[in-house]
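Subject: Structure handover

Dear colleague,

Here is the structure for your files. Please read the notes below it with the structure open.

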Amino acid sequence: MFPEYDVIVVGAGHAGCEAAHAAAKMGAKVLLCTMNMNTIAQMSCNPAMGGVAKGQIVREIDALGGMSGIISDKSMIQFRMLNRSKGPAMWSPRSQNDRMRFAEEWRLALEQTPNVDFWQEMVSGLLVTDGRVRGVRTGIGLEIPGKTVVLTNGTFLNGVIHIGEKQFGGGRTGESAAKGITEQLVGLGFEAGRMKTGTPPRVDGRSLDYSKMEIQFGDENPEKFSYSDETQPLTEQRTCWITYTNKEVHETLESGFDRSPMFNGRIQGLGPRYCPSIEDKINRFAERERHQIFVEPEGWNTVEIYVNGFSTSLPEDVQYKALRKIPGFENAKMFRPGYAIEYDFFPPTQLKLSLETQLIQNLFFAGQINGTTGYEEAASQGLMAGINAARKVQEEEPVILKRSEAYIAVLIDDLINKGTEEPYRMFTSRAEFRLLLRQDNADLRLTQLGHQIGLADDRRLERMLDKKSDTAKLINDLRQKKLSPDLINEGLEDMDTATVKEKISVEKLLKRPQVGLKEIMDLDNDLKVYLSKYSKDVLEQAEIQIKYDSYIEKEQQMVDKLNNMENFRIPVHFDYLAIPALSAEGKQKLNKVRPETLGQASRISGVSPADLSILTVYLGR
Ligand code: FAD
């Protein structure tokens with residue numbers, strides 16, 4: 001009934017969709033096997049993409065030729081560039097999305113991708129012989145042969161949903177849990193753990209009083225995620241609102257603590273520290289009199305509202321009473337209660353940097369199954385697992401990004417070398433080279449690679465090369481173009497900037513902290529006409545490169561130094577246990593993680609600088 005597939009992707013969440021698309025685009029014959037085809041690319045929690053550090057990841061996925069950026073653009077209802085008042089390393093694109101359109105766009109995109117077949121069923125086990133995966137077994141007992149398998153089961157493995165004292169099996173509300181895979185993998189020698197996450201109640205927007213809330217508009221000139229010309233920025237946007245909890249809300253919530261699965265020990269798994277439930281927030285930060293609530297529409301036309309900041313697993317009657325004490329929510333009608341979910345994950349230290357498992361050849365893991373949280377984190381792993389599964393079949397070396405090249409690399413490198421005990425989400429602070437890893441230059445960093453491996457098309461490459469050469473030309477011209485002191489001193493009179501005594505170049509002027517191209521443009525009409533030939537992207541790129549030139553160069557020098565270690569490969573079967581001088585912990589960790597390079601070895605927690613020097617000597621470097 002089934003041919004032998006090159007890549008079988010289990011699960012069509014954010015990781016699975018990217019994996020299936022990438023592998024198929026690279027020429028692999030792909031089967032996307034998922035429990036329910038009506039929930040392809042379901043946003044399980046908030047209807048939003050991007051945000052701090054996550055927006056950078058979406059741009060990186062896009063630059064490599066993945067789809068999350070395009071799908072987000074096609075389904076967005078509001079766009080904001082967060083942190084504009086800070087330096088460019090912190091600028092982070094974020095969109096509010098239409099939940100139903102997001103899922104629909106993904107499904108359409110996959111249906112239009114040649115080489116992707118679909119099968120709707122639960123996968124209950126893997127076909128494994130001689131330490132190598134050979135396909136999957138489904139719930140009704142079908143055996144589907146596959147050269148590689150990518151597991152992206154999300155929150156479904158032995159998922160248990162909690163609402164107050166009620167507890168039932170499920171992968172998400174209304175969907176069944178996946179059984180069989182964890183047990184088989186543990187039998188094969190994998191270590192599994194338990195994590196938890198939660199989601200807020202949804203309410204009827206018609207029952208809210210928005211006059212009691214602060215309005216939150218999208219950006220005046222909205223941008224978009226994708227570098228391609230397949231999508232356009234929004235011309236119309238929906239607004240969101242902000243309101244706050246208060247003492248009364250907190251007291252009502254507290255009245256249900258004795259029935260909370262979080263506090264009475266029924267939930268064992270660790271939850272996301274940076275996305276805590278409302279009960280967790282009022283418990284941990286008892287001194288705070290209020291917490292912010294973002295009131296977010298779920299789409300263009302629906303009246304359903306997502307109550308961001310109010311994730312909870314308290315009994316539904318307590319949720320309802322507490323909600324109605326929030327300003328603007330006095331008459332709120334609830335569509336569905338919030339809940340928490342516990343699920344199995346596999347500590348990611350059991351993977352290689354390619355996301356293939358160390359234990360079973362040709363088996364890859366991506367997404368929440370690796371202990372992460374968030375759509376963007378999942379999608380980026382799915383993309384890399386899909387790429388590397390396809391390359392394994394094509395007998396090509398895996399694609400492994402460096403920490404200095406992408407947030408995606410920081411994510412995977414952290415997971416594999418440090419592991420994670422609580423749901424891992426990305427932050428800018430996790431990246432040591434964040435001035436290099438900006439949202440504005442992901443295309444310059446990654447599109448060439450995406451094109452080389454057959455994922456990013458020619459048009460993308462051309463656009464990136466044009467942007468690169470236009471930026472270089474513009475920077476050069478701004479270095480040559482000089483402005484007179486009169487023009488500058490008069491034009492920038494209102495700004496708190498030192499006066500100029502002689503002609504200086506636009507490049508030099510731009511290096512001044514408060515002066516941007518926008519201000520300089522108004523000083524000289526010829527310059528304005530000249531600059532108007534360039535796109536907004538090129539102008540912004542040139543400005544950032546000029547302004548932060550010395551900082552960027554410093555980071556680049558550090559990267560070059562580190563790359564020496566990064567490029568030094570350790571033989572696959574290197575015997576760490578045979579080196580007596582290594583510390584006991586270092587030996588154990590190195591043997592477990594089996595780093596591929598000296599650079600990777602240096603980042604494994606438990607491997608000391610002394611261990612590293614000994615290793616360097618043994619490797620004859
Ligand atoms: P998922 O999106 O979960 O997709 C898994 C897919 O696999 C589904 O399509 C499922 O049907 C399919 N599947 C599973 N097992 C099988 C099987 N055996 N056979 C066939 N198909 C299978 N993230 C945040 O960043 N912040 C939050 O606050 C947050 N809260 C959340 C609250 C809840 C209740 C849930 C459920 C998730 C929450 N998330 C949150 C997490 C976010 O939804 C995930 O990080 C993201 O969706 C993970 O993507 P994924 O592709 O790994 O898995």
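The notes below start with the ligand and then go through rings, charges and individual residues.

This is a predicted model, so local features are given only at pLDDT of at least 70 and side-chain atom pairs only at pLDDT 80 or more, while totals for chains, interfaces and linings use all residues. Residues are numbered from 1 along each chain as its sequence is written, and side-chain values use heavy atoms, with hydrogens and water left out.

**Ligand**

The ligand has 35 residues around it, of which His14, Ala15, Val123, Gln368 and Gly374 come nearest. A residue counts as near if one of its heavy atoms lies within 4 Å of the molecule. By type, the shell holds 16 nonpolar, 16 polar and three charged residues. Here Ala, Val, Leu, Ile, Met, Phe, Trp, Tyr, Cys and Pro are nonpolar, Asp, Glu, Lys and Arg are charged, and the others, Gly among them, are polar.

Five elements each supply at least two shell residues: helix H1 (14-25), strand S2 (30-34), strand S12 (193-199), strand S19 (339-345) and helix H9 (375-393). S12 gives the largest share, three residues. Helices (H or I, at least four residues) and strands (E, at least two) are DSSP runs, numbered from the N terminus.

Polar contacts are pairs of N or O atoms within 3.5 Å; within protein, one atom must be able to donate a hydrogen and the other to accept it, and residues adjacent in sequence count only if both atoms are side-chain atoms. A backbone N or O atom of alanine 15 is 2.9 Å from a ligand oxygen, and a polar backbone atom of alanine 12 is 3.4 Å from an oxygen of the ligand. Threonine 197 uses its side chain instead: a polar atom there lies 3.2 Å from a nitrogen atom of the ligand. On its own the ligand has 980 Å² of accessible area, and the protein covers 97% of that. Areas come from the Shrake-Rupley method with a 1.4 Å probe; for residues, only the protein chains shown count as cover.

**Rings and charges**

Rings of Phe, Tyr and Trp (its six-membered ring) pair if their centres lie within 6.5 Å; planes under 30 degrees apart are stacked, over 60 edge-to-face, and the rest tilted. The count comes to nine aromatic pairs. Phenylalanine 190 and phenylalanine 346 make an edge-to-face pair, because their centres are 6.1 Å apart and their planes stand at 80°. Phenylalanine 190 is in the loop between helix H5 (181-187) and S12, and phenylalanine 346 in the loop between S19 and strand S20 (363-365), so the pair ties together parts 156 residues apart in sequence. Both residues are buried, where buried means under 20% relative accessible area, exposed over 50% and partly exposed in between (1.4 Å probe, protein chains only). Ring pairs link Phe190, Phe346 and Phe365 into a cluster.

Two arginines sit with their charged ends over tyrosine rings: arginine 59 over tyrosine 227, 5.6 Å from the ring centre, and arginine 430 over tyrosine 424, at 3.9 Å. The rule asks for NZ of Lys or CZ of Arg within 6 Å of the ring centre and within 35 degrees of the ring normal.

Helix H3 (residues 68-75) is largely enclosed by the rest of the structure, because seven of its eight residues are buried. Among them is Ser72. The backbone oxygen of serine 72 is reached by the side chain of asparagine 97 at 3.1 Å. Asparagine 97 lies in strand S5 (residues 92-97) and is buried at 0% relative accessible area.

Threonine 420, in the loop between helix H10 (407-418) and helix H11 (442-452), is buried at 15%. A polar atom of the threonine 420 side chain is 2.6 Å from the backbone oxygen of glutamate 422.

**Positive phi**

Alanine 53 is not a glycine, yet its phi is positive, near 70°. Alanine 53 belongs to the loop between strand S3 (48-50) and helix H2 (54-64) and is buried, at 0% relative accessibility. Arginine 594 also has a positive phi, about 50°. Arginine 594 is in the loop between helix H19 (584-593) and helix H20 (598-602) and is partly exposed, at 26%.

Regards
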